Amino acid sequence: MSDSKWDRRFLDAAKLFASWSKDRSTQVGAVIVGPKKEIRAIGFNGFPRGVNDDDDSRHERPIKYEFTEHAERNAVYNACYTGTSLDGCTIYVTHLPCSDCARAVIQAGIKRVVVEGGNSLRDDWAESNRVASVMFAEANIELCVITG
């Protein structure tokens, strides 16, 4: 099976994990895959383990940003939690990573980022997405945008 078919499968998996998010405006999912196409970690945007995500006031902007962890970092943290290496892996994400998540991806040793084209976040994330793309290029992280 070609890499493009695997890319589509893992992007579909990231969409499934995004559906687990309790975020009321945007659900984001991520799956990190090893070189032999084995799933090493998953993540979705949400509150940290044990933090009450049923409190309605915590879902309002801007305070929700203080409580919510992004899918990419959650996937990296989940790998850390289980002692799983991410060196040389690919991360599949439903949305282009922000600069904070890009730093986590780079530092974890992930070598490839795959996102689906057309999934853009609000305009106020544009600069952070731009910086993420610059960092990926400078760190020799392959950024693939899959369309269709």
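Trainee: Which residue takes a positive phi just after α3?
Mentor: In this predicted model, that residue is G83, with a phi of about 75 degrees.

Trainee: And what follows α4?
Mentor: G109 follows α4, and its phi is positive as well, near 90 degrees.

Trainee: Back to α3, then. How far apart are its end C-alpha atoms?
Mentor: They lie 17 Å apart. With twelve residues at 1.5 Å a residue, α3 should span 16 Å, so the two values agree.

Trainee: Which residues of α3 are buried?
Mentor: They are A71, E72, R73, N74, A75, V76 and A79.

Trainee: Which residues are buried in α4 itself?
Mentor: Helix α4 covers residues 99-108, and S99, C101, A102, A104 and V105 are buried there. Among the elements that cover them are α3 (71-82), β3 (90-93), β4 (112-116) and α5 (126-138).

Trainee: You mentioned C101. How many disulfides does the model have?
Mentor: The count is zero. A disulfide requires two cysteine sulfur atoms within 2.5 Å. C101 is in no disulfide, and the nearest cysteine sulfur, that of C98, is 3.7 Å away.

Trainee: Is C101 buried or exposed?
Mentor: C101 is buried, because its relative accessible area is 0%.

Trainee: Changing topic: where is R61 found?
Mentor: R61 is in the loop between β2 (39-44) and α2 (64-67).

Trainee: How accessible is R61?
Mentor: R61 has a relative accessible area of 41%, so R61 counts as partly exposed.

Trainee: Which side chains does the side chain of R61 make a polar contact with?
Mentor: One of them is the side chain of S25, at 3.1 Å. Another is the side chain of Y65, where the polar contact is 2.7 Å.

Methods:
Residues numbered from 1 in each chain as written. Predicted model: local features only at pLDDT ≥ 70, side-chain atom pairs only at ≥ 80, totals over all residues. Heavy atoms only, no water. Buried < 20%, exposed > 50% of the residue type's maximum accessible area, 1.4 Å probe, protein only. Helix = DSSP H or I, 4+ residues; strand = E, 2+ residues; numbered from the N terminus. Contact = heavy atoms within 4.5 Å. Polar contact = N/O pair within 3.5 Å; in protein donor to acceptor, adjacent residues only side chain to side chain. Expected span 1.5 Å × (residues − 1).
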